Amino acid sequence: MQLLIASQNDNKIQEIRAIFPQWKIEGISTDLFPGELKEEGETLEQNAIQKMRQVFAKTRLNCFADDTGLEVEALNGEPGVDSAYYAGNRNSQANMDLLLKNLGSYSNRSAQFRTVIALNWKGEEHLFEGVCKGTIAEEKMGNDGFGYDPIFIPEGEDKSFAQMSMEEKNALSHRARAIKKLNEFLSKQR
Ligand code: IMP
């Protein structure tokens, strides 16, 4: 079955396809959606819904959008919904540098990634959440993955997400957990 994902981020689409092999997952085309989808909400939930609605309005297809934030305890949940633009633009290196600077030598390095998925299924809207708890590393570690992966060490691990294979990351990630809930929902649908 076909599902559109409201994203043009190839890393993210690859991750989702690997978690979800039984579905035909398509990213949105740049022809139909030139530029970025609007994300003007104050929460991950509002952003996921806003992105999903833009895609549904143009395509009328079953579709979903995810919005992810890195929530750092000692920074009162920052960067959270501002994760993509924390240092001003969508630059992962600058975002990580700013986060490490703001966290300084705080001993509390607890953080979590949280993903919210908004699905439009046959005209009805549904939300799914996935959380991965962990800590912020003292410095960047590893080159794989994307975004904040080099500075996030999941609970119970000694490697960052960027030092893991996609399979290892997908066994514990926030996005994989949210997608498993989406999968459970979809597997009960006809
Ligand atoms: P968005 O949900 O694609 O808008 O992502 C928000 C921000 O979180 C961006 O800066 C992403 O790079 C980052 N991000 C999203 N998912 C992940 C992930 O799995 N690992 C690391 N960073 C992520």
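The buried residues of helix 5 pack against strand 1 (2-5), helix 1 (10-19), strand 3 (63-72), strand 5 (110-121), strand 6 (124-136) and helix 4 (166-172). This is a predicted model, in which local features need pLDDT of at least 70 and side-chain atom pairs count only at pLDDT 80 or more, while totals for chains, interfaces and linings use all residues. Residues are numbered from 1 along each chain as its sequence is written, and side-chain values use heavy atoms, with hydrogens and water left out.

Helices (H or I, at least four residues) and strands (E, at least two) are DSSP runs, numbered from the N terminus. Buried means under 20% relative accessible area, exposed over 50%, and partly exposed in between, with a 1.4 Å probe and protein chains only.

Which residues of helix 5 are buried? They are His-174, Arg-175, Ala-176, Ala-178, Ile-179, Leu-182, Phe-185 and Leu-186. An α-helix has 3.6 residues a turn, so residues three or four places apart point the same way. At the start of helix 5, a side-chain oxygen of Ser-173 comes to within 3.4 Å of the backbone nitrogen of Arg-175.

Let us turn to the ligand. A polar side-chain atom of Arg-175 lies 2.5 Å from a nitrogen atom of the ligand, and an N or O atom in the side chain of Asp-149 is 2.6 Å from a ligand nitrogen. For Thr-68, a backbone N or O atom lies 2.8 Å from an oxygen atom of the ligand. Taken alone, the ligand exposes 480 Å², and the protein buries 94% of that, these areas coming from the Shrake-Rupley method with a 1.4 Å probe.

Thr-68 itself is found in strand 3, and its side chain makes a polar contact with the side chain of Thr-115 at 2.9 Å. A polar contact is a pair of N or O atoms within 3.5 Å; within protein, one must be able to donate a hydrogen and the other to accept it, and residues adjacent in sequence count only if both atoms are side-chain atoms.

Finally, some backbone details. Most residues other than glycine have a negative phi, and most peptide bonds are trans. Asn-76, in the loop between strand 3 and strand 4, has a positive phi of about 55°, and a cis peptide bond joins Glu-78 and Pro-79, with omega about -5°.

Note on methods:
Contact = heavy atoms within 4.5 Å.
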